[in-house]
Amino acid sequence: MPLLAHPLKILIILFNILCGSLPVAAVATPQPVTEGWEYRWGDLPFNADGTPDWAPTLQPEQWNAIKFPSNPPGRDGRDQVWYRVILPAGDFHEPVLYILSVDLIVQVWLDGQNIYQYGTFDEHGRGKFEGWPWHKITLPTDYQGKTLYFRVYSGYTDIGLWGEISLMDNSELMLYVLKNSFEDLFVAGFSLLVALLALIFSMLQGGRKTFSSVALFALASSVMLVAESQASLLIVPNAIFWNYLGAGGYFLLPVAMGLMLDQWLGDRRSPAINLIWKLHLAYAVCALSLALAGAVELSSTYPPFDALLLLSLTVMGGVTIPRISSLAGEQQVLVLVCGVFGALLVVDMAVAHGVLPWRPVPVSLGLFVFSLAVVVISLRHYVVTQKSLQKLTVTLEQQVAERTEKTEILLQREQARASLLSLENEKIQVFAGVIAELQACVSLNQAFQLLVEAMPKLCSPLKGMIYRQTASGGYERLDHWGYGDGHPELAPFVATLNSLPDPIRLIAGSIEDAEAASRSWRGLVCFPLNIEFANHGTALEGLLLLDGDSISTSGHTEYGAARLMSSINLAAERIGITLSGISLREDLQRYSYEDALTGLKNRRYFDQLFEHETAVALRKGLPLSLLLVDIDHFKRFNDTHGHEAGDTALQAFAAILKSRFRGSDIVCRYGGEEFVVILPGSDIAGARERAEELREATRREAVMFEGNNLGPLTISIGVASWPENTSMPGQLLKLADEALYSAKTGGRDKVEVFPEA
């Protein structure tokens with residue numbers, strides 16, 4: 001398989017993808033080859049020149065149709081098969097055929113020529129296992145309508161092609177492979193970091209076995225993900241090397257899981273779990289050693305291991321579940337995420353053996369959840385430690401305060417200079433906090449709302465105003481401060497910039513420059529907030545205006561005032577850069593977080609924004625409510641009127657949702673016929689009222705499909721609110737789901753509010 005000759009180039013491209021600087025999402029859509037496949041058992045005879053004798057292939061009865069070129073019926077121990085397909089039309093400049101995997105070795109023929117081969121065929125048409133790479137088969141530009149033949153040998157449980165088979169341009173292939181591998185590589189890197197931290201903690205705590213087993217699990221999982229990712233071959237183009245690494249990581253997973261369970265159960269250890277991890281360790285050593293020695297093929301070690309793993313997971317679950325209540329809370333969390341990871345492994349195993357149809361199984365998601373749980377638990381321990389340190393710090397601060405009183409006389413002579421330094425330090429801290437909060441914003445509207453709250457504190461004691469550009473091109477004042485009961489002379493809305501001063505440009509260097517600059521600060525001093533947009537470049541989106549007279553009377557020297565203005569100017573530039581990042585991220589998220597059918601935000605958007613809103617609610621002490629909405633009997637609606645009518649019903653209900661909620665509310669399609677609404681600042685009474693209004697509005701709106709009135713929908717709604725229902729706003733989704741279940745079991749078409757705590 002021809003690969004890139006420079007692994008460094010691969011690493012650079014992969015690094016750019018991880019940093020988000022390559023448009024991975026812009027990779028052209030491949031063209032799947034899924035129709036017209038045929039197969040025939042056995043090998044074809046070969047002519048003296050080494051080409052197959054195609055004459056028998058012209059007999060139609062020897063070829064049989066098959067939906068996908070894998071595991072034809074009636075194998076009966078046979079290990080040779082031919083597949084063929086007529087290549088469909090396509091518009092590709094450098095066409096290649098991409099195949100995810102082949103069991104086990106393959107030749108590809110076109111126009112009587114062997115255009116691709118992986119593995120070595122002997123005189124009997126058989127060969128040895130040489131790994132499971134992905135395959136790139138270069139095609140001529142006039143491939144359309146030609147028949148492509150595949151000669152396959154396999155002594156494995158599966159025979160034939162496996163996974164995705166698609167046509168694409170050669171120039172797009174590498175980015176396509178990297179795109180498919182991005183999630184696995186990201187999770188593997190995160191898991192490797194967790195493994196390293198767990199190993200360090202293990203050494204710092206005298207080789208504590210719990211950390212060692214966590215490190216082994218994270219390391220084995222990450223090695224398996226990297227080895228099984230398609231991008232691995234772009235780094236080291238040796239499939240069998242990666243297969244051995246992947247097998248090693250895969251075989252060690254139950255060892256790590258058994259060790260963790262064996263240690264967490266403590267005095268209640270089970271001999272069965274102790275035996276399981278030792279048995280798997282012995283299997284991993286023996287299987288890899290025999291494969292390396294050539295006694296067995298590596299591929300033949302997977303089926304026995306999968307059977308053993310399925311049995312082991314069943315036994316470990318049967319032993320652990322009855323005893324889970326005796327574990328610590330953190331151990332229970334890790335047991336649950338290990339269970340999720342094990343379930344994903346079982347599904348992946350079923351796909352690999354053809355029990356389930358091929359589909360990508362998010363094994364990396366299970367590993368990511370485990371690694372994230374380890375990180376969260378570690379952070380919790382860190383917080384507990386920090387609280388103890390804070391108590392000690394309070395005592396130390398009291399001692400320092402007593403000593404500071406004795407030195408106060410010495411500090412008076414430095415008061416003027418200290419005042420300036422203190423102000424600068426205060427503004428730096430405030431500015432750092434503003435930037436940190438801005439970076440957490442998900443939209444420019446949210447960012448400007450935050451700036452309105454932060455600017456008076458950032459610019460105090462100076463009078464000032466902040467303006468933002470409107471859709472008409474003018475500038476509207478968002479807020480002003482420092483004027484007391486009075487108002488600024490500048491109007492609340494400015495149509496053009498002609499009446500405004502030029503943006504500040506002179507930054508004082510020497511004392512003489514500072515004095516010269518300060519004399520020019522009369523009237524308003526303007527600081528631009530320039531933002532770079534993805535669709536129309538850089539624009540003057542906002543203006544920070546400070547009163548020049550308040551600068552001169554702020555109590556600082558000319559040089560101190562100049563330094564203050566310099567700092568504010570730099571702050572305005574940094575804010576503009578941060579807002580540019582929010583703008584670009586907002587554009588990107590609008591495409592990745594939108595549900596295509598309803599136009600509402602999707603579940604991914606909800607998961608991220610809900611976490612942000614809970615943090616805001618906790619920080620500001622504002623109420624937060626959640627509505628979980630389910631369309632009643634939607635499956636029956638689909639069965640009665642058809643799925644197209646069901647889609648129309650979902651769109652109609654989405655339109656009702658959009659019309660019933662204010663701009664600060666967040667409406668998302670949670671999945672299927674379920675929708676979720678986040679109500680920031682709304683208490684439980686307001687949320688109940690909004691839910692009842694939505695239910696009544698839905699009953700009044702008939703669903704129209706192809707000119708027919710299908711009648712109105714009814715909905716059931718579960719309502720939960722913080723802090724009335726729970727002390728943890730992150731629990732609102734679970735509580736709302738319980739309330740929704742109560743509404744559905746109570747007859748549907750109703751609003752159910754979770755009982756107040």
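Q: Contact means heavy atoms within 4.5 Å. With that settled, what share of the contacts in the protein chain between residues at least 6 apart in sequence joins residues at least 24 apart?
A: The share is 72%. Before we go on, please note that this is a predicted model, where local features need pLDDT of at least 70, side-chain atom pairs count only at pLDDT 80 or more, and totals for chains, interfaces and linings use all residues. Residues are numbered from 1 along each chain as its sequence is written, and side-chain values use heavy atoms, leaving out hydrogens and water.

Q: What makes Asp111 count as exposed?
A: Its relative accessibility is 51%. Exposed means over 50% relative accessible area, buried under 20%, and partly exposed in between (1.4 Å probe, protein chains only), so Asp111 falls in the exposed class. Across the protein chain of 757 residues, 45% are buried.

Q: How do you know that Lys146 and Asp111 meet in a salt bridge?
A: Their side chains come to 2.8 Å, N to O. A salt bridge asks for a side-chain nitrogen of Lys or Arg within 4 Å of a carboxyl oxygen of Asp or Glu, so this pair qualifies. The pair links distant parts of the chain, 35 residues apart: Lys146 sits in the loop between E8 and strand E9 (147-153), and Asp111 in the loop between strand E6 (105-110) and strand E7 (113-118). The whole structure has 18 salt bridges.

Q: Why is Arg695 called buried?
A: Arg695 has a relative accessible area of 14%, so it is in the buried class. Glu692, at 31%, is partly exposed. The side chains of Arg695 and Glu692 form a salt bridge at 3.2 Å, N to O, and both residues lie in helix H19 (residues 684-700), three residues apart, about one turn of the helix.

Q: Which residues are linked with Arg695 in a network of salt bridges?
A: Glu692, Glu696, Arg699 and Asp749 join Arg695 there. The closest N and O atoms of Arg695 and Asp749 are 3.2 Å apart. This pair spans 54 residues, from helix H19 to the loop between helix H20 (732-745) and strand E22 (751-753).

Q: What makes E5 and E10 a strand pair?
A: Pairing needs at least two DSSP bridges between the strands, and E5 has eight with strand E10 (residues 160-169), in the antiparallel sense. There, Ile99 is bridged to Ile165. E5 also pairs with strand E8 (residues 135-138) in the antiparallel sense, over four bridges, with Ile137 as the partner of Leu97.

Q: Which residues have the most contacts inside the largest nonpolar core?
A: They are Trp37, Leu97, Leu148, Phe150, Val152 and Leu161, in a core of 45 residues. Such a core gathers buried Ala, Val, Leu, Ile, Met, Phe, Trp, Tyr and Cys residues joined through side-chain atoms within 4.5 Å. Not counting residues up to four places away in sequence, Phe150 touches several residues, including Trp37, Leu97 and Leu161. A second, separate core has 37 residues, among them Tyr156 and Leu253.

Conventions. Helices (H or I, at least four residues) and strands (E, at least two) are DSSP runs, numbered from the N terminus.
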